[in-house]
Amino acid sequence: MKQSILIVEDIHSIREAIMDLLSTKFNVFGAEHFEEAVWYLTNEKIDLTITDIRLPGKSGIDLVKLIQKEFPHILYALMTAYNINEYIKFAKDLHIWNIIPKYSFLDIHLIEVMVEKLLSNDIFGIEKYFTGDFKVHSQNINNEFEEAPNNGIIYKQIKSDQDRSILCGKISKNLIQLGAPKAIQQVLEELTSNAMIRAPRTHEGEYKYQFEIPSHDMVVPLDNIQLMPDDYFLIGYGATESTIFIVVRDQFGSLKKEEILHRLDRHISIDESTGFPKGLEDSHGRGLYICREISDQLIFNIEPGVCTETIAMINREGRTGFKSLSIYEVDPSKKTNQDSES
């Protein structure tokens with residue numbers, strides 16, 4: 001049985017374009033404003049609502065609040081033509097994990113991928129964002145550095161801080177030659193550092209390779225880290241005609257959705273007493289913010305206790321517009337149901 005999606009958008013052409021795209025796989029309904037959306041939510045079996053933030057009358061954020069209160073089984077996501085950073089605080093306070101930007105025209109394929117990830121509970125893999133003969137090369141993860149493939153991704157395993165340093169240097173040089181900005185080195189450093197230092201935890205939830213000083217919101221990593229086999233992680237890199245990308249995947253799934261939004265909000269919000277970001281003196285969190293600013297898309301896929309996959313994508317043709325908010329988490333109850341049906 002097809003799942004049902006409600007698109008709430010007051011611009012007719014955009015609403016129809018999204019509905020046409022999704023109608024081949026889903027039952028799709030369209031609403032122009034809050035009241036019409038409520039009618040569909042009340043009278044139809046809706047699985048996912050995608051709403052513009054700014055609507056005539058009550059807003060998309062008002063609609064999300066109503067869904068959370070009256071229809072808690074319905075998934076939701078937002079879209080906007082405005083700077084998504086302006087809505088990070090709302091996202092943090094209301095537990096909104098996905099906001100799609102509307103620039104030049106909608107990135108239609110990004111919406112399609114978001115819908116399928118949310119409704120299928122199948123969230124991992126950068127290949128979901130590309131079509132055609134995109135290839136995943138994961139058979140030689142223990143081999144030395146290889147150049148980024150065309151229209152594909154290659155994965156390498158990291159076992160130590162030395163491995164990380166050498167590989168990040170070679171990957172960044174390769175990707176810069178393909179057109180990535182020099183700041184790609186910082187994205188590599190930050191994402192791999194998180195996977196090596198912040199992700200590994202003991203069964204008690206304590207960090208393995210750093211000391212935490214909670215009173216000062218501070219963490220101090222160990223020197224010359226040699227990871228235990230269970231703590232090895234993967235770094236993937238590659239390119240298509242339009243995009244350069246990095247994927248970092250750990251085996252812990254310890255990154256929290258709430259922590260991502262907390263840290264982004266800290267570095268986007270301004271402290272009125274100083275005029276600087278509230279998180280300026282935080283000992284961590286800047287890395288995620290910086291990676292998001294450098295990347296055109298920064299996507300987090302999380303299965304708690306199992307895996308965190310972070311995807312950074314950069315458009316080879318220049319900046320594409322406002323940053324999306326893309327945080328996905330496997331729903332264990334849905335995963336159990338799917339496993340029992342298979």
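A polar contact here is a pair of N or O atoms within 3.5 Å; within protein, one must be able to donate a hydrogen and the other to accept it, and residues adjacent in sequence count only if both atoms are side-chain atoms. These views show a predicted model, where local features need pLDDT of at least 70, side-chain atom pairs count only at pLDDT 80 or more, and totals for chains, interfaces and linings use all residues. Residues are numbered from 1 along each chain as its sequence is written, and side-chain values use heavy atoms, with hydrogens and water left out.

**View A. Asp265 sits in helix H8 (residues 257-268).** Helices are DSSP runs of H or I, at least four residues, and strands are runs of E, at least two, numbered from the N terminus. The Asp265 side chain makes a polar contact of 2.7 Å with the side chain of Ser269. Asp265 counts as buried because its relative accessible area is 11%, the cut-off being under 20% (1.4 Å probe, protein chains only).

**View B. Asn121 lies in the loop between helix H5 (108-120) and strand E7 (135-137).** Look for the backbone nitrogen of Asp331, 2.8 Å from a polar atom of the Asn121 side chain. Glu329 is 208 residues from Asn121 in sequence, yet their C-alpha atoms are 8.0 Å apart.

**View C. Ile99, Leu175 and Leu325 touch the most other members of the largest nonpolar core, which has 66 residues.** Such a core is a set of buried Ala, Val, Leu, Ile, Met, Phe, Trp, Tyr and Cys residues joined through side-chain atoms within 4.5 Å. Helix H7 (residues 184-198) supplies the largest share of this core, 7 residues.

Key: Buried < 20%, exposed > 50% of the residue type's maximum accessible area, 1.4 Å probe, protein only.
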